[in-house]
Amino acid sequence: MGIYFRTLGHVARLGENLGIARDAHIRRATISGVTNIARKFKSDHRTGLHVTDTTFDGVKVRIYEPAAVHPAGDRRTGLVYFHGGGWAQVAMDDLDELMAYIPKQLGNVLVAVDFRLAPEHQFPASFDDCLVATKFFLRHAEDYNVDPSRVGVGGDSAGGNLAAAVAISMTKEKEFPKLKVQALLYPALQAFDFNTASYKDYGHLSPLTTDLMISFWLWYLNDDLSSLELLKTNNHTTDALKKSQFAGYLNHNIVSTPLNKKDVEFPSIEKIETILDPRFAPLMANDADVKKLPPTYVMTCEYDVLRDEGVAYARRLEKLGVAVQHDHYKHGFHCCLIDINTIDVAREAMENYVSYLKKNL
């Protein structure tokens with residue numbers, strides 16, 4: 001898998017340099033092509049499900065419903081799921097097997113959101129689509145025989161980012177039922193510090209290198225990779241920010257000084273102040289909002305640049321009184337869930353994920 005993703009990166013950069021297409025677009029087209037070929041050899045993952053493509057207030061979604069008849073008067077649970085892929089690299093179809101696995105095991109209704117992708121659609125497009133779809137489903141849950149009080153959000157990688165961002169935003173909504181859970185799989189939660197121990201230790205590893213993760217953030221932020229090296233060396237934040245509560249959200253050993261966002265100065269990078277927006281980087285949410293979050297599941301992997309921010313998020317929620325289950329996989333690596341049938345740690349992780357949802361949704 002590492003060889004495949006590293007080769008894909010070289011091909012994508014070469015293609016962009018030759019003027020064939022954008023790096024992100026080449027990655028997306030290649031992954032979709034490979035996935036479509038693989039799907040032809042294994043097309044039974046939807047067995048036992050009714051799958052419908054539709055729209056929720058203009059946002060494309062895919063609804064997975066168990067085909068088995070449910071007892072009359074007994075409503076199902078629901079999960080709104082956001083796929084990974086760096087907000088840019090992967091389309092919803094590419095993770096169809098993963099998303100079908102969850103409702104087959106749970107017997108619930110899963111709504112997968114086909115949100116707009118970067119770099120052609122920058123922040124907050126992906127977030128906005130996910131929030132709109134979540135609100136629509138909560139408003140119409142009973143139309144799908146789902147109990148609106150038993151609906152959660154979930155996602156992997158960039159999808160975990162979107163799930164956490166939606167969960168934070170929904171704490172401010174009064175007219176909707178509260179989310180039952182947020183269930184995050186190796187989530188991307190911050191663009192504040194790219195020199196954490198996990199970035200230093202594993203930033204050279206495919207499928208998610210430091211350079212690629214920063215590229216994802218920048219495609220999503222402003223579609224300008226010219227500041228990649230500034231972010232890589234943490235020169236996109238000031239000394240004051242590095243000593244502020246925002247740094248403390250990630251590194252709990254920092255004795256932080258409260259800093260008002262209005263007083264923060266940034267280098268001249270377009271939209272860089274967005275790194276403190278919890279809709280973009282959920283770890284940056286203030287304590288008052290974090291305390292209101294629903295019970296939370298966080299999966300982290302040892303061989304993953306995103307490991308430390310997932311760990312920090314789980315610890316922070318727990319410290320603030322949110323019920324948290326944090327599963328860490330010592331032999332796990334980012335993107336391992338792409339093949340839950342042949343990768344042992346991926347299969348174990350998904351079994352634990354489904355088990356959590358069964359108990360808590």
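Let me start with the largest pocket, which has 38 lining residues; Thr 35, Asp 94, Leu 95, Ile 338 and Asp 339 are the ones nearest its centre. Keep in mind that this is a predicted model.

Which elements give two or more residues to that lining? They are helix H1 (2-17), helix H2 (23-41), helix H3 (96-106) and helix H7 (210-221). The largest share comes from H2, with five residues. The space in this pocket is about 820 Å³.

Of the residues around the largest pocket, 21 are nonpolar, nine are polar and eight are charged. As for domains, at least three lining residues come from domain 1 (1-41), and at least three come from domain 2 (45-190 + 275-360). Note that domain 2 is written as two stretches of residues.

Now the cavity. How many cavities of 30 Å³ or more are there? The count is one. About 40 Å³ of space lies in the largest cavity. You can find its lining on the structure by looking for Tyr 202, Leu 205, Ser 206, Pro 207 and Leu 208, then Tyr 303, Asp 304, Val 305 and His 334. Sorted by class, the lining of the largest cavity has six nonpolar residues, two polar and one charged.

One of those cavity residues, Tyr 303, takes us to the strands, as strand E7 covers residues 296-303. In which sense do E7 and strand E8, residues 324-333, pair? The two strands are parallel, and seven bridges join them. Between the two strands the chain passes through helix H12, residues 307-319. This β-α-β crossover from E7 to E8 is right-handed.

Last, the database record. An unreviewed UniProt entry places the feature "domain: Alpha/beta hydrolase fold-3" at residues 79-224 and 274-337. Over residues 79-224, the chain is 40% helix and 16% strand. The C-alpha atoms at the ends of that stretch are 34 Å apart. Residues 274-337 come out at 27% helix and 28% strand. For this stretch, the end C-alpha atoms lie 29 Å apart.

To go back over the main points: the largest pocket holds about 820 Å³ of space, and H2 gives the largest share of its lining. The largest cavity has about 40 Å³. E7 and E8 pair in the parallel sense, with H12 on the path between them.

Methods. Residues numbered from 1 in each chain as written. Predicted model: local features only at pLDDT ≥ 70, side-chain atom pairs only at ≥ 80, totals over all residues. Heavy atoms only, no water. 1 Å grid on protein atoms, 1.4 Å probe; cavity = no way out; pocket = protein on both sides within 12 Å on 5 of 7 lines; lining within 4 Å. Points joined across faces, edges and corners; volume = space filled by probe spheres on them. Helix = DSSP H or I, 4+ residues; strand = E, 2+ residues; numbered from the N terminus. Nonpolar A, V, L, I, M, F, W, Y, C, P; charged D, E, K, R; others polar. Domains from an automatic or database assignment. Pairing = 2+ DSSP bridges. Right-handed = clockwise from strand over helix to strand, strands pointing away. UniProt positions renumbered as here; feature names shortened; annotations may be inferred.
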